[in-house]
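Hello,

Here is the structure I promised to pass on. Please look it over, then read my notes below.

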Amino acid sequence: MRFGWRLATLGVVFAGLLSVLFVRLWFVQLAEGALYAAAAENSTIATESQIAPRGDIVDANGIPLATSRSELVVVVDRAVLSNEAEDQVVSRLSAILEVGPIVIRSELERAGSGQVAFISDMDITADMAYTVLEQRLDLPGVTVEALPERLYLEGSLMAHVLGHIGLPSSGDLERNPDLDPNVVVGKLGVEREYDTFLQGTPGLVRYTINAQGDILDQVDASDPVQGDTLWLTIDSVTQRVVEQILADVIVLAQDRKDEKEPADRRTLPTERATALVMRVDTGEIVAMGSYPSFEPQAFVGGIGEDEFASLSEDFAFNNLAIQGLKPPASTFKAVTYITAMMEGIFPRDTTSVEQTIECSAQLRADFVDDSQLVYQNWTRASDGFQNIHDAFRRSCNIYFWELALSIWRDFKGTEDEDILQDWASVLGFGRRTQVDLPFETAGILPDRELFDEWQVTQPWRVRQEGWLGGDLMNLAVGQGSILVTPIQLATAYATMVNGGTVYQPQVVDKIVDANGEIVRDFGPRPLRTPEIDPSVVASLLADMGSVVRTGGTAAAAFSGLDGLELQMGGKTGTAQGFVDAEGLRHAATAWFAGVAPISNPEFVVVVMVDEGGSGGAVAAPAAARILTQLLGGSPTPLVAGVDAD
Amino acid sequence: MAVLSGPRSSGGLLSDRRKPTPDVVMFVIMVALMALGVLMVYSATFVRLEAEGLDPTGPMRRQMVFAGIAILAFVVASIIDYRQYRNTAAFVFIAVVLILFAVLFMPEQRNAQRWIPIGSFQLQPSEFAKLGVIMVVGTVLAPASETGMRWARLIATLLAVSLPSFLIFRQPDLGTMMVFSFITLAMLFVAGTTFRQLLVLIGAGVATVVAFWQLELLDDYQVNRILGFLDQQSDLQSLNYNLDRSRIAIGNGGLFGQGLFEGPQTLLNFVPFQTSDFIFTAIGEQLGFIGSALVVSAYGLLIWRILVIANSAPDRFGSLVAVGIATMLIFHVFINIGMTVGVAPVTGLPLPFVSAGGSAMIAMGGGLGIVNNIWRSRSPVPGREYVPLR
């Protein structure tokens, strides 16, 4: 025991050191073991993904509109190239692909240093690809791959519905971190709305790798699966007709203005128009056109900056059918009509909507605050005594103003004050229709509340007095602050003629996967059911019919259609032209909302021509040609109708 | 202290005690660890070698040859009377200094001059120098008073260690320098330093470290290793990459391990220096916590045996040499395993008997042989006078 306590102390110290190892091992292997095990798994498996072809898009009859083809792409892995080697590769590729070295250099730069660059969109032929592969030894890090590429088969047809694709922006990647920055995503239209269905499933090959990154073995592999096929509700035949009519109506409107406008009062040129056809009992969109348009194919492989800027300047990417905001003008009278009929609101000094009042040239309105305003009808002289049916047919502002004044007098300050807005709102104004397309706008449905809000937020838009009877009078004839989109108007008309079911408009009917299995089958999606008496519906349909016949505002536009006009109806609208803050003269917005057949409504058509002029003269004949197409009539050349509200 | 008095009860047959019986437990543990090392070296190399079309058993067979030589060294050292080292301590000292000096003229490998190439074998003299230092320090301290050491002896000890330490520092090999320091410290303590002397020693040690730091005598990589150890979240990649990889491998073992030849981190060569300094990661991943704990326990048992032998040694020199060898072992084990799990800084100290490499293996085998010789020379009854061995 000579060294007894000293040795024992040493033994305790040694035991302490070993205990530290035990505790630490327990901690690393058991307490945190799962964490490290996960890290271990990740470090030994490398995955390589193969881009899946985007799903097809076909029209209602299965006619393909957008598909995927495989395109030869030269892939350069910059990580394995030294600077000198890369210079060699660039000059060799330039010779083989028959493009300047600068072009190839810029493609490499775009990918970033050390990244994999895809040289595409250069008409790489199979011969070129073989040459590249043959010279593989002199082209380190270079391979040729066939990558799927979007192909639009019908040019600019329904471009706004289809949309276009593009590489994900930094914003897209932020929103959805799962996106592959090298794989295109939908940017507009159904390409964007249904991107997750169209993307497909990328193929994945998993390898085990060692610490040096060498591939040792393939663990498993799955082939890429093409994205789902979108079946649109749109009929490409009708769509083509609609787009042609839109192009024609632009020319027609401009010609009329050239002819009629005095040289010192020229308005801005007519450049934009839209039309859509909706099935009244499902909300399905049969056709939707917006002019001007663009070629979706231009975006494949990246659109040129100049081309993009020029198209943007023309608002070619705007889908006016869901984004174009204009006052609906007299087309809104149908809403006022329904409100009056359903709520029993009569003009001054009458006890029934069937009674007539004189549709004089102007209306003097005396307000309770002793203010007095004179409102001018669109006719220069008195249009005779009219009841609601005549007023609808003749688009008599006086009658509808009187209805607004009745509401103002009877309900001002009560909760029924908004009775007209309530009907408009339930029919879909002032809110998105929820059509399955991105960037839809909601429009504006003004009332006292909104005006009070504007007093604070945008005081230049409203008078100090706030909401007044005159604003309600404006609203009753679709003027003033109200702004609607064509698709809102179509939805409202469909609801009024189908007896009171607001359907969510849709451009996609069903989604079918690569195996032909139906993934989604969108039936009609009713949103609201404001009940409208069948007698009121019948009355409205009859009055819409009279609009297009002798004595109606659209009679001239609907003549010469081989009697098919007897199955058509509708309402004209002309939103007043004005001189804007910059002193530019704006022509009126021409509207027509039509329906056919009136005996058993199937389709609603809405045509809107920006800077177009009179609804009866410009929009109505366009709508008449579209309705003719829908009813199976033979096409007739587009000729102007007669100026009418 | 009954525990430290050996496996046999005292007062047995004196005639039996006079026979030189080897320490079987120590030998078995040593051989078992060697076998484990051979397996681990194979597991960490065969995949890569097969992939390169080379003989996958190459490094393993090399390791088996080293183990055989180490066992031979054990046997030889068990036969040589350990007191011969005390008698020849001056020559041992000169030999240690000369060979460490010679190394400094050898070609540089991996930024250090530690090896003397002999054919395909790289002799690492510092491994043998560790044993030499133990002998020299034991010789200097053996006459020390148990109840208080004279300052002159303490200083003589430090002077004896300082020359080999300086030569090691020039290689550079900080790990071995630390081994020298801790061996010396432990032997000084057991030899009878006073509490005050111990404090002064520790103070001087700290002062030396600070001086090295302040005078920037350390290479960047050495500084980084220490900084990396102190801040394990940091991005000192050169070090913490190893550390992360080794911890991932060991953590991947879990309770039972991935199984022999099944650990992906081990098989796929993710841990650098995996057959040498980081061999424990292969154990941790393939054999799990249970295997790791068994290995640590084996070292514990081995060191416990050596301390028992130190306690029953026939003279103070034998006792101090056994303490020195026990300290050398525990320090290697703690630093080597500790660095793979992040409780010790990264230094190039091998895991005794397991890490690939011949010099350390043979030196350690010889070291245990010396301890075995001390055991065989023990007195029949603890505390009694020593009976010479013939």
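Two rings of Phe, Tyr or Trp (its six-membered ring) pair if their centres lie within 6.5 Å; planes under 30 degrees apart are stacked, over 60 edge-to-face, and the rest tilted. One aromatic cluster is formed by A:F294, A:F299, A:F308 and A:F317.

This is a predicted model: local features need pLDDT of at least 70, side-chain atom pairs need pLDDT 80 or more, and totals for chains, interfaces and linings use all residues. Residues are numbered from 1 along each chain as written, chains are lettered from A and ligands numbered from 1 in written order, and side-chain values use heavy atoms, without hydrogens and water.

Over all chains, the count is 20 aromatic pairs. In one of them, the ring centres of A:F299 and A:F308 are 6.3 Å apart and the planes stand at 90°, so the pair is edge-to-face. A:F299 is buried at 6% relative accessibility. A:F308 is partly exposed at 37%. (Buried is under 20% relative accessible area, exposed over 50%, partly exposed in between, with a 1.4 Å probe and protein chains only.)

Two arginines sit over rings (CZ of Arg, or NZ of Lys, within 6 Å of the ring centre and within 35 degrees of the ring normal). The charged end of A:R6 is 5.4 Å from the ring centre of B:F189. For B:R305 over B:W375, the distance is 4.9 Å.

Best wishes
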